[in-house]
Amino acid sequence: MGPADRDWRSLVPQEVNRVPEDDIGRKRAVRSRLPLVLSILFFVALGVVIYLSVDESVPVAAGRSFRYKTDGFLPAAFVQKVISAGVEGPAKNVRAIKADLEADNQVLAADVRRRADGTLEIVLRERVAVAKIASAPPTGPMVVRLVSPDGQTFAGTGYSEQTIRSLPEIQDFRSTGSGDQLAIEGIEVVGPFLLAARTSYERFYLQWASVSLRDCFGAQEDAPGSNLNVKVRIAAQPTDRPPLVGIIFSTANWRKELALLPRIKIEEYLRMPNATAQAYVLKLSIQNRTISPPVPEPRLVPAPLR
Amino acid sequence: MTPKLLPSLIAVIDIGTHKTVSLVGQMINGKARMLGFSERRTDGVVKGTVIDLERLHRCVHEVVNDVERSSGRSIEQVYLSLSGPAAEGERIKGIHAIPAHDGKVTAKDVTDAIASAKRLEPPAGRATLLYMRQPTTIDGRAVANPVGMAGKRLEVHFWRVTMEEGNMRMRVGMVNGMSIKVRDFILASHAAACATASDSDKQGVLVVDMGAGTTDWILYYKEHILCAGSIPVGGEHMTNDLSVALRISRETAEDLKIRFGSALHREADANQTIWKDGDRGLGDQQFNRGTITQVLSLRYQETFEYVKKDIMQHLEQLFPGHAVKLDQYFLPAGIILTGGSANLADAAEAVHAIMQLPTRIGVPTFENDSLRKPEYAGVVGLMTAAITDSPPPVRRQRGFLASLKDLFRF
């Protein structure tokens, strides 16, 4: 080693780690890199804000395809029709397409984004149909519309005939308006009721043919006459016993009554030797309020003859 | 268009026996501007010698962390102070014969002479830390700039500071362990002189930096370093003496030294009685002030006699056969006293009495009032010396991202 090599710089190469070894070093490393990280985050946030603001206002290029996803039944043709509709046609911007999609009652929320390649990405969340109604428009024949738990009615585009047939029909309802503006009185009770039945008690729900709101409008919620009258499909029941043709729920206690339903051995009761009536109705509680002293419920009572 | 240049960050660390100090600054409009300062009690060093590297590393790292937080800047390289007997100095010279065709010195001749000086190998096992320029001579005549002058023999002189290689590796490794590079070493006594002595003082001045564990001295003559040295005696020895003499703890001795101590013993001190706490309550102790000043003044006197002896030994080596005297003709600016022990009462008078030279306490000239104290002459001087001797490269104007990063500094 020559004399020049005895200089401290040539003896110690000074290789320093990017992150110092101990706790203090790690704190220092974080502190020294924090401004850079925050600067990058600032730029990213700025970019996102600019992208979103520009993205929503720039027209969609004509002829561009789109990617589409839904959690329901609406077909891609529906989306294509919405995009192409109107005077602007495909020149609509993202915000306008979103508004047009959400204008249909079947669409709960629409997420419309532009991808880097110029195509659109559309994600729809649809309303769940829990029932159907027969509605008479101002002109033309009666039409069947589907009902969501929040009371919105829609045409049910994309629903199969089988699916629509399996939905219970709301009967004896009072309504105002027509088409998408149709408002059903009492839906605030029957909507959650049907949703709960569809979600938690599907086995029973699928047997229901209709729900009558005729006795739903009592003076008070738990007053006599405040009940939901469910008609059960007879065709699905065994022929070697009297059929169950209806179930009567109270508008106030339907949650407890629904919970009670799976525990009632209806099949066993209907096959008992003394079950001699032609058909039976299951009364869960509502009738009890008019009888003193109360009769233990639920009860299977013979269905009134027509 | 030439890009605008920005001053670089200058960070210095002064590791002493008693305290470790760090200063971060920038050179703005010709003045050093302080950005951050940090000070902590040193751990792991006794009498200028490292006895526990791990504790010292932690202590220095905490100081670096503090100064980074206070300045809001990340330190990448530092200037380290060199003090204590571990750093030894010697005079070296390089000789170059001027070619005979015109007899004028060229820049290449000077470069060759410097290279010739630096070819001299340091003592075995030691590494060269720095070279400090001494007068250049042509045919024995001292000149400031030899280029263009006529002569036959060009001599360049350096004061070379060396250190035992393992010790040097330990210091550099410790700093590297904090992800920081050592930019350069600066002699602590030279730093103290840079902060307290003017160019006119350097015509002949002795700067003594009396710290807690060591006393470093440096002698300037005709604006150049003549010699420098260090003795392993400092303020802690005085505290220790007082502790033994009065049979009290070191903490109490330190307290008494600061409050009642003096470097000069006067007859009147023997008549003064002082109380440790002052309330004369239970546990309070009574002392004779004369005893305290006598102990301190004796140690002060002894320390400076050692310094004087060390200087004379160096001068004899430099000028063999010449009877060089430390008097006012040789050192017209006298002695400048810096370091924590310069704060002792009557220190300047005591040194004047011992060395028979005009003595003053060196207060560093710095923009920040809190650092205008003799104990900070070292760290302030490190900054000054870093700027004047070995300035870091200026950086080009920073970009938009760097300016944005500044917005997010905490």
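Which residues of chain A are linked in a network of salt bridges? Asp240(A), Arg241(A), Glu267(A) and Arg271(A) form this network, a salt bridge being a side-chain nitrogen of Lys or Arg within 4 Å of a carboxyl oxygen of Asp or Glu. The views below come from a predicted model, in which local features need pLDDT of at least 70 and side-chain atom pairs count only at pLDDT 80 or more, while totals for chains, interfaces and linings use all residues. Residues are numbered from 1 along each chain as its sequence is written, chains are lettered from A and ligands numbered from 1 in the order in which they are written, and side-chain values use heavy atoms, with hydrogens and water left out.

**Figure 1. The two chains.** Chain A holds 9 helices and 14 strands, and chain B holds 10 helices and 20 strands; helices (H or I, at least four residues) and strands (E, at least two) are DSSP runs, numbered from the N terminus. Of the 306 residues in chain A, 37% are buried, and of the 410 residues in chain B, 52% are buried. Here buried means under 20% relative accessible area, exposed over 50%, and partly exposed in between (1.4 Å probe, protein chains only). Contact denotes heavy atoms within 4.5 Å.

**Figure 2. The largest nonpolar core, around Leu219(B) and Tyr300(B).** This core has 86 residues, and Leu219(B) and Tyr300(B) are those with the most contacts inside it. A nonpolar core is a set of buried Ala, Val, Leu, Ile, Met, Phe, Trp, Tyr and Cys residues joined through side-chain atoms within 4.5 Å. Helix 7 of chain B (residues 289-318) gives the most to this core, with 9 residues. Beyond its neighbours within four places in sequence, Tyr300(B) is in contact with residues including Met210(B), Met238(B), Ala263(B), Leu337(B), Leu344(B), Val351(B) and Ile354(B). Ser341(B) is also among the contacts of Tyr300(B). Another core, of 41 residues, lies apart from the largest one and includes Phe193(A), Trp208(A), Tyr280(A) and Leu284(A).

**Figure 3. The interface of chain A and chain B.** The contact takes 28 residues from chain A and 42 residues from chain B. The two chains bury about 3000 Å² between them, with 58% of it on carbon and sulfur atoms; buried area is the accessible area (1.4 Å probe) that two parts lose on being put together, summed over both. Arg6(A), Trp8(A) and Arg28(A) supply 24% of the area that chain A buries against chain B, more than any other three residues.

Figure 4. The side chains of Arg31(A) and Glu68(B) meet in a salt bridge at 3.4 Å, N to O. On the side of chain A that touches chain B, helix 1 (8-11) and helix 2 (23-57) of chain A are the elements that give two or more residues. Helix 2 of chain A gives the most to that side, with 12 residues. The residues of that side divide into 14 nonpolar, 5 polar and 9 charged, where Ala, Val, Leu, Ile, Met, Phe, Trp, Tyr, Cys and Pro count as nonpolar, Asp, Glu, Lys and Arg as charged, and the others, Gly among them, as polar.

**Figure 5. Salt bridges between strands and helices of chain B.** Over all chains, the structure holds 31 salt bridges. The side chains of Arg40(B) and Glu62(B) meet in one of them at 3.1 Å, N to O. This pair links distant parts of the chain, with Arg40(B) in strand 4 (residues 31-41) of chain B and Glu62(B) in helix 1 (residues 53-71) of chain B, 22 residues apart. Arg40(B) is partly exposed at 32% relative accessibility, and Glu62(B) is partly exposed at 22%. The side chains of Glu90(B) and Arg160(B) meet in a salt bridge at 2.8 Å, N to O. Glu90(B) lies in strand 8 (residues 87-97) of chain B and Arg160(B) in strand 11 (residues 153-164) of chain B, so this pair ties together parts that are 70 residues apart in sequence. Glu90(B) is partly exposed at 25% relative accessibility, whereas Arg160(B) is buried at 2%.
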